[in-house]
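Visitor: Please take me through this structure, a few features at a time.
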Amino acid sequence: MSASHAAHHDDHDGHAGHGAAHGPARYIKIWAVLCVLLVISVLGPELEIQVVTLLTAFGIAGVKAYLVMKEFMHLDVEKPIIWYILATGVVFIGMFFAAVSVDVMNHDGARWSNDAAKRAVVAGLAAGDPANHHGAAEHHEAEGAAEAAPAQH
Amino acid sequence: MNAPAHGHDHVHDDGGHHHHHEMTFVEKYIFPTDHKYIGKQYLLTGMLMAVFGGFFAYAFRMQLAWPGSDIPLFGHMSPAEYNAAVTNHGTIMIFWVAMPVLIAAFGNFLIPLMVGADDMVFPRLNRLSYQIFLVSAIVIVASLFVPGGGFGGAWTAYPPLSGDSAYNLTPLGSSLWLVAVALEFVAFLVGGINFIVTAMNARAPGMKWTDVPMVVWMICIASILFMASVGPLMAGAVMLLFDQTLHTGFFDPRQGGDPILWQHLFWFFGHPEVYVVLLPATGMVAEVVAVHSRKKLFGYKTILFTAVGTGVLSFFVWAHHQFIAGIDPRMANIFTITTVLISIPIAEMMFLYIATLYGGSIRFTTPMLWALGFIFAFLIGGVTGIPLGASGADIYLHDSYFVIAHFHFTFFPIAFIGTFTGLTHWFPKMFGRMMNETLGKIHFWGTIIAVHCLFLPMFVLGLAGHHRRIYDYTNFPELSTPFLTNIGIFATVSLLVLLAFQFVFVFNFFYSMFKGPVAEANPWKAGSLEWQCPSPPPHGNFGEHLPTVYRGPYEYSVPGRDKDYWPQSEPA
Amino acid sequence: MAEFIPVANTRSASGVPTGKLALYWLLCSEIVIFGGVLASYLMHRLAHPEFGLQAAHTNVYAGTINTFVLLTSSLMAVLAHSAAEHGDGKKAAKYLWFTIAGALMFLCIKAAEWTSEIQHGYTITSSPFWSFYYTAAGIHASHVIAGALVMLWVIQSAKKNKYLYRVENVGLYWHFVDIVWIFLFPLLYIAK
């Protein structure tokens, strides 16, 4: 055990040799970068361009997660087995999403339609749109809304 | 080590001392950290819960055979009680019998012994996992006695029936049921981490990955499967609990939720769960087949790869439970293919066990009989799965007694035949005494014949159109013809015979525990590490000197040696 | 009862210290738990355009401040790890206290935010979006609480310079909680 542990420790030292060291100064620098990224991810959507929103919101979330994993969790110097463990979880969730989203996200199929979901969309859009809120035109939609509205228990 | 604070250096000082620690009765039996006692706690709790599960089976089979009659020990059964009985029979048998016995009891008992360690890597976490499990068992039993009665929405708990007490009429029962299941998951997540890490890190010096006994591999693969599959259902359980208690609408179409999503969350866990309990059972069968036919396990690596293959494939088949639930028909095609595919690795595994028998010097001891019975009964379960996996046939057979018969031919071999295989084999190691072979064989033949008489008629009932959730068939004249009624009664009588034979086992188990002939360290002349320490092993298992491993676990009948087994820890 | 550590715990056949290996398996199980709720949310989010309208009512300022708080507490956790690596248990304990302070600040801001939202009528039953919002953030908050409690326990031994490897392990857990929030933040607050 001692030998393997020493090896593990050497990994750290070896890394420290070519990197800028995993010292407090480096950590604070990374933290500053993370904060800047946070500001960008909040300001991005203010432009109200969808592509920019997606990029700044989720692209930057990916970058932040990468930085935390690499610099704070030191996953870059961990043994491959750690990566396999984490990948197990991520891969299976990806698979879950891939197969289930086909069902949940489609509201229309060849011989079926998900009326409840459609009603929820119509009702939600009607309730959430302030411009449309007092209009008479959406009266029939409001009926649909009443039908699908959250049952207040 | 140049950095004194880094790492585990200090534990060297602590290790080794604990062998001298004198334990009180409470420390040893009530709050043990010793993996063997925690394993026994799981075993006995699981056996106790099996009494509940078996009693429910008895009650609703009596109702089906003689509708409306006064059932001895139960009384008259109402439709709500019937629903609660089938629901809790399924839930208890899977989560509180199969899982604790197959994974937790045998995992706890066997893994440290088989990898040559003195205990699990985290003994107190191990104790915590049992305590959480015990609480979950108490909660599920309590849920049967609350006002409104136990939850009756089937073990799959499909919403909206399970999500709203206006539908299921069991406001407390359904929430307690859900809490109990979620707690049970937490217990097995904690326990599973312990099993995996113990097998990964605490192996004896010299033990390569091909030297690890098959049952350890299987329990670890099963724990990983459980861990990777249960997460979405844990999240789903929280969501369903909010649906029940706070009236959110995650799965309620009236509020824009999607009930099919629960089915996906459930079966994404539910199908791998079958393999979570199957793999440890097959692992035990592998051990027993090799030891009792005095032959090296045929195709060690192939068995291992088929187990991993089965495990991975088991994540791609779940939607075959939902063919008629309104899922996308294109997905039904894909899931039909993957479902039929999964029979390949698992059939290959069974063939490898049969190949192990070939040319062996077979001893028909009780554990060996159980192992062979497993292969036979599981074959029926596997083969009848193919018509259910094909989406076209499944549309007719879905939710019929054909399905019941099919999964009982998989789950009975797994949960009971598998358990009896392991229990009769490792009983001498667990309790230091031998079980009675004659009683064991009586129990085996009585059980194996009765179980086939119980479930084979259900294939016929299912094909005739009996639906699994009907309380009283006399209301359906075309389904209660004398022929169908009679085979239903035959199945119920077989169940009574099956239950009666379990008393033979219970007597044998407890009598042998205290009065059986004292077992030697290695009564079966096996090579794996757990047989190289005293029976029962003391605290710390191997004494002061933990073993070193020199060879694989299945070195039987090696030419040129006077003994026909070669212990893993014996220097060459 | 004295700290009981079996020989099994000191072995490392895989080359990864036992505690860290177990922690990563724990994180694997957490990934699928959070993955389950986030995948369910994402499916609804993509198929229900009304979620965007409702998400517009979330308090981006509170979310941003909370992200900042968690990032900072993550920094404190890694500084604690750095101190522990140099054998300074007292300093590690001090940084862990800062981390716990971050956790408490996060929970306070969260409480204030939820209070104001509930007062404005956005409760967990208002719509599927709000149900997911409270459930996902609530599950995350329960992990923040759990992490803080474990840190309290780790501090007890770390300040005596014992079991310093626990500082790194609890820190790894904390970074994971941080990463979950990094993804929750755009999913619940920013994307409209």
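This is a predicted model: local features need pLDDT of at least 70, side-chain atom pairs count only at pLDDT 80 or more; totals for chains, interfaces and linings use all residues.
Visitor: How many C-beta neighbours does His74(A) have inside 10 Å, and how does it count?
Guide: His74(A) has 19 C-beta neighbours inside 10 Å, so it counts as partly exposed. A residue is buried with 20 or more other C-beta atoms within 10 Å of its own, exposed with 12 or fewer, and partly exposed in between, the C-beta atoms being placed from the backbone.

Visitor: Which residue of chain B has a positive phi although it is not a glycine?
Guide: One is Ser557(B), with a phi of about 50°, in the segment after α18 of chain B. Ser557(B) has 16 other C-beta atoms within 10 Å, so it too is partly exposed.

Visitor: And cis peptide bonds, which residues do they join?
Guide: One runs from Pro159(B) to Pro160(B), with omega near 5°; Pro160(B) lies in the loop between α5 (123-142) and α6 (165-168) of chain B. Another joins Ser535(B) and Pro536(B), with omega about -15°; Pro536(B) is in the segment after α18 (482-515) of chain B.

Visitor: Changing topic, at what angle do α16(B) and α17(B) pack?
Guide: Helix α16 (residues 401-431) and helix α17 (residues 437-464) of chain B pack at about 165°, with their axes 8 Å apart. Axes are lines fitted to C-alpha atoms, for helices over the stretch in contact, and angles run from 0 to 180 degrees between N-to-C directions. The two helices are therefore roughly antiparallel (angles over 145 degrees).

Visitor: Which residues meet there?
Guide: Among them, Phe402(B), His408(B), Phe409(B) and Phe412(B) in α16(B) meet residues of α17(B) that include Val451(B), Phe455(B), Met458(B) and Phe459(B). Ala, Val, Leu, Ile, Met, Phe, Trp, Tyr, Cys and Pro count as nonpolar, Asp, Glu, Lys and Arg as charged, and the others, Gly among them, as polar.

Visitor: What does the secondary structure of chain A come to?
Guide: Chain A has 6 helices and 0 strands. Of its 153 residues, 29% count as buried.

Visitor: How many residues of chain A are in contact with chain C?
Guide: 52 residues of chain A are in contact with 50 residues of chain C, a contact being two C-beta atoms, placed from the backbone, within 7 Å. On the chain A side, α4(A) gives the most, with 15 residues. That side has 36 nonpolar, 13 polar and 3 charged residues.

Visitor: Over in chain C, how many residues of α2(C) are buried?
Guide: 26 of the 30 residues of α2(C) are buried, so this helix is largely enclosed by the rest of the structure.

Methods
Residues are numbered from 1 along each chain as its sequence is written. Chains are lettered from A and ligands numbered from 1 in the order in which they are written. Helices (H or I, at least four residues) and strands (E, at least two) are DSSP runs, numbered from the N terminus. Angles under 35 degrees count as roughly parallel, over 145 as roughly antiparallel, 65 to 115 as roughly perpendicular and the rest as oblique.
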